[in-house]
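Thanks for coming, everyone. Let me put the model up and walk you through it.

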Amino acid sequence: MNIKRIPALDYLKGALICFVILIHSNTYLQLKWEDSLWFAYIVQLAVPMFMVLSGFTFSISQQKYKTLNEYYSKKVLVPKLLRFIFPVIVEEIIWAVARIVSGQREGMLIELLRINCGPGSYYFLLMIELVLVFPFIYFSVVKWGGYSVACLVGANFAFEVFATFINISPYWYARSLFAFSGFIAVGAYYYLQLTNKMKFKVIPLIFQYTGIMCSILWICATTWDDYKPVIFTKNPIYALPVLGWTSALVFIVILLGIKYNNTKQNLLGKICSEIGKASYHILCTQMVWFITVKWIRLHCPFAIKAIWWAPISVVLSVLAGVLFYYVEKRVSSRILKRLGY
């Protein structure tokens with residue numbers, strides 16, 4: 001099977017970035033959605049699902065490069081890195097201006113230097129790490145299949161143990177790709193299975209079903225039963241035990257997307273697809289939004305309940321993010337052209 005572009009993957013990216021905005025709305029607006037079933041099993045798992053999906057989509061582009069030397073050439077690697085760097089530079093400038101205007105100047109310079117500008121800012125360093133190391137993940141899964149996935153899941157687990165017992169700071173935990181190595185490997189494995197580049201085996205399927213049940217129980221225990229984990233203490237919701245459930249949800253969307261793949265999209269499909277393509281820019285946009293949302297609420301001439309600020313946050317972040325995507329894409333393409341890329 002030849003997989004190039006599946007519109008459903010863009011739809012999923014669009015949905016997931018909206019979930020991320022809802023997660024941050026829940027935190028910044030204190031909406032207390034944590035106990036809701038829809039929030040616990042779908043919305044709050046947006047980032048782990050993004051990482052599984054990244055393993056799949058990065059594999060689609062990785063298939064063009066047959067060797068490590070080809071991938072790590074200046075012509076290929078630099079544009080890939082700049083794709084994530086350019087938007088963050090713009091976001092940091094706008095974020096700094098927003099902080100100054102809203103009177104939140106204290107500690108601003110340190111946050112800028114740490115690239116810690118708003119909720120979700122850790123994602124930038126994760127993507128840079130992924131661009132740099134993904135070929136090793138991909139080629140290892142190509143060569144050793146499920147054994148490689150098992151090793152990367154094991155590395156994920158080992159990192160969680162390490163992070164717990166040395167009490168690694170939340171800042172560095174969130175920015176370590178090891179915290180998601182298992183998720184990325186599973187995404188790459190799905191791609192290789194669906195493109196018939198790897199033989200189907202029953203054992204991984206058994207592990208998938210077992211993982212789903214473990215994930216469901218884990219989410220239930222950490223959300224409603226006040227279970228305090230011994231190992232996965234840094235961020236139980238993004239930790240390895242949710243891999244089974246999140247990867248299954250992504251896999252279902254991929255299968256449906258392949259089965260009902262229609263390149264002739266209607267207007268709604270095109271809009272959703274563009275939102276998905278702009279997901280990284282929307283993430284950058286909502287970082288600025290949430291750092292100033294309290295100030296905006298204070299100065300809003302209308303009395304709007306906190307819960308209504310969640311859909312407002314989604315709509316404004318998406319609209320501004322898509323606009324940012326089109327402008328930045330055009331400008332950065334000209335810059336890359338002048339640089340010879």
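**Inside, surface, loops**

Start with Ala46, which is found in helix α3, residues 46-62. Helices here are DSSP runs of H or I with at least four residues, and strands are E runs of at least two, numbered from the N terminus. Before going on, the ground rules. This is a predicted model, so local features need pLDDT of at least 70 and side-chain atom pairs count only at pLDDT 80 or more, while totals for chains, interfaces and linings use all residues. Residues are numbered from 1 along each chain as its sequence is written, and side-chain values use heavy atoms, with hydrogens and water left out.

Is Ala46 buried or exposed? Ala46 counts as buried, because its relative accessibility is 0%. The cut-offs: buried is under 20% relative accessible area, exposed is over 50%, and partly exposed is in between, with a 1.4 Å probe and protein chains only. What does Ala46 touch? Leaving out residues up to four places away in sequence, Ala46 touches Leu16, Phe19, Val20 and Ile23. Contact means heavy atoms within 4.5 Å. Ile17 is 29 residues from Ala46 along the chain, and their C-alpha atoms are separated by 7.5 Å.

Next, Pro119. Pro119 sits in the loop between α6 and α7 (122-144). Pro119 is in a loop, yet it counts as buried at 9% relative accessibility. Its contacts, again not counting residues up to four places away in sequence, are His24, Tyr28, Gln286, Met287 and Phe290. Look at Phe290. Pro119 and Phe290 are 171 residues apart in sequence, but 7.3 Å apart in space, C-alpha to C-alpha.

Now Gln104. Its place is the loop between α5 (74-101) and α6 (108-113). Gln104 counts as partly exposed, because its relative accessibility is 29%. Gln104 touches Arg99, Ile291 and Thr292, with residues up to four places away in sequence not counted. Trp38 is another story. Gln104 and Trp38 are 66 residues apart along the chain, and their C-alpha atoms are separated by 34 Å.

On to charges. How many salt bridges does a search of the whole structure find? The search finds 1. The criterion is a side-chain nitrogen of Lys or Arg within 4 Å of a carboxyl oxygen of Asp or Glu. The partners are Glu274 and Lys277, at 3.2 Å, N to O. Glu274 and Lys277 are separated by about one helical turn, because they are 3 residues apart in helix α13 (residues 267-277). Glu274 is partly exposed, with a relative accessible area of 21%. Lys277 is partly exposed too, at 34%.

Now the surface patches. Patches take residues with over 30% relative accessible area and no salt bridge; like charges are joined within 9 Å, and nonpolar side chains (Val, Leu, Ile, Met, Phe, Trp, Tyr) within 5 Å. Areas come from the Shrake-Rupley method with a 1.4 Å probe, and for residues only the protein chains shown count as cover.

The nonpolar patch is about 610 Å², made by Ile89, Val90, Ile93, Ile94, Val97, Val101 and Trp295. Which helix gives the most to the nonpolar patch? That is α5, with 6 residues. Ile93 is found in α5. Ile93 is exposed, with a relative accessible area of 54%.

There is a negative patch as well, formed by Glu34, Asp35, Asp225 and Asp226. Lys and Arg count as positive, Asp and Glu as negative; His and the chain ends are not counted. Each charge is placed at NZ of Lys, CZ of Arg, CG of Asp or CD of Glu. Asp225 is in the loop between α11 (202-223) and α12 (243-259). Asp225 counts as exposed, at 53% relative accessibility.

Last topic: backbone angles. Most residues other than glycine have a negative phi. Gln30 has a positive phi, near 55°. Gln30 is found in the loop between α1 (7-28) and α2 (37-41), and it is exposed at 64% relative accessible area. Asn167 also has a positive phi, near 55°. Asn167 lies in the loop between α8 (146-165) and α9 (170-174), and it is exposed at 56%.

That's my tour. Over to you.
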